[in-house]
Amino acid sequence: MDRYKEIEAFVQVMEHGSLAAAALHAGITPVMMGRRIDALEKRLGTQLMHRSTRRLVLTEQGATFLDECRGLLAQWASAEAMVSSQRHSASGHLVVSAPAAFGRLHVAPHASAFLKAHPQVRISFNLTDRVVDLVREGYDMGLRIGRVIDPNFVAIKLATNQRVVCGTPAYFRKHGTPKTLDDLKAHNCLAFNLQGGQQRGWYFLQDGKTVTVRAEGNLDCNDGELLHRWVSEGLGLGWRSTWEIQLQLQRGELVTVLDDYALPEYDILAVYPQQRHLPAKVRFFIEHLKKIYSRPGYWLRDTP
């Protein structure tokens, strides 16, 4: 029999003065209430009360145990109330990592609305294009662009995204349009350097397999926003996310190439370490961003 129900039955019987009254309050039969008291006494190996047809009298051990049980039930109720309240509100210090440009444009600007809804939360952002170790560096969650293969992390899709090769119409008029992945060797590819964490190259899908093409050009850096600017100025080709260039594509300022080789999904993800109970501050912030990103036309705006 459930220990909690046994203790609850004992407290209810003493507070209502009889098995019948306690059973009526609990919505069970007096027989069931009596069985719970019997099971409790049997498990404890002591008699908690003297029962007669007229009244119940606590034994010395029963009186001491009753005080303890009342305290335990009060603590249990308090713990339940605290957890239940977190379904609607959050508190604590939320530490978030995000890619630099994406974080500046599409994460940090939405913090004020979140804090207004959850004033007991404090947020710290680290905006960097370096892939951080969330656990070792003490982050509650991170925003990632692309697949997450570490089984120790949970990845929640926030929005659809792709990585595409793009350039300005003027660049293609001057240098031609690549038709195959091998053609990229003849083009000025503007990519992250070693410090930017993308030294392995650009990823594509060829014959059903993911392949890597080493991207080389006369400019590289560790900042995605600067790479995007260089591509927009016509200085070379970039491997950019659709979240940052959709408006330029619509306007015709940038054009994509090698679309047949683009990975089918390079989504925007919220990532956090596997854990038994996800803190409300993390869950609510993920829900907050997901709701914003799903607004019609959100990714086609000049500003969030």
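These legends describe close-up views of a predicted model.

**View 1. The five-stranded sheet.** This open sheet has 5 strands in the order E11-E8-E12-E7-E13, and the pairing is mixed. Its edge strands are E11 (220–221) and E13 (255–257), each of which pairs on one side only. Helix H8 (residues 224–232) packs on the sheet and touches strands E7 (163–167), E8, E11 and E12. The direction of H8 makes about 175 degrees with that of E8. Helix H9 (residues 242–251) also packs on the sheet, where it touches E7, E12 and E13. The direction of H9 makes about 110 degrees with that of E12.

**View 2. Leu190 and the pairing of E8 with E12.** Strand E8 (residues 189–192) runs parallel to strand E12 (residues 237–241), and the two pair over 2 bridges. Leu190 is found in E8, and its bridge partner in E12 is Gly238. Leu190 counts as buried because its relative accessibility is 2%, where the cut-off for buried is under 20%. Leaving aside residues up to four places away in sequence, Leu190 touches Trp202, Asn218, Leu219, Leu227, Trp230, Val231, Leu235, Gly236, Leu237 and Gly238. One of these residues, Gly236, is 46 residues from Leu190 in sequence, yet their C-alpha atoms are 6.0 Å apart in space.

**View 3. Helix H1 and its two ends.** Helix H1 covers residues 3–16. At 1.5 Å a residue, its 14 residues should span 20 Å, and the end C-alpha atoms are 20 Å apart, so the two values agree. At the start of H1, a side-chain oxygen of Asp2 comes to within 2.7 Å of the backbone nitrogen of Tyr4. After H1 comes Gly17, which has a positive phi, near 85 degrees. The buried residues of H1 are Glu6, Ile7, Ala9, Phe10, Val11, Gln12, Val13 and Met14.

**View 4. The largest nonpolar core, and another core apart from it.** The largest nonpolar core has 49 residues, and Met141 and Tyr293 have the most contacts inside it. Helix H10 (residues 280–293) gives the largest share of this core, 8 residues. Not counting residues up to four places away in sequence, Met141 touches Leu94, Val95, Val96, Ser97, Leu134, Ala270, Val271, Tyr272, Val282, Phe285 and Ile286. Another core, of 17 residues, lies apart from the largest one; Ala9, Val13, Ala22 and Cys69 are among its residues. Ala9 and Val13 are also among the buried residues of H1.

Note on methods. Residues numbered from 1 in each chain as written. Predicted model: local features only at pLDDT ≥ 70, side-chain atom pairs only at ≥ 80, totals over all residues. Heavy atoms only, no water. Pairing = 2+ DSSP bridges. Helix = DSSP H or I, 4+ residues; strand = E, 2+ residues; numbered from the N terminus. Contact = heavy atoms within 4.5 Å. Axes fitted to C-alpha atoms, helices over the stretch in contact; angles between N-to-C directions. Expected span 1.5 Å × (residues − 1). Buried < 20%, exposed > 50% of the residue type's maximum accessible area, 1.4 Å probe, protein only. Polar contact = N/O pair within 3.5 Å; in protein donor to acceptor, adjacent residues only side chain to side chain. Core = buried A, V, L, I, M, F, W, Y, C linked by side-chain atoms within 4.5 Å.
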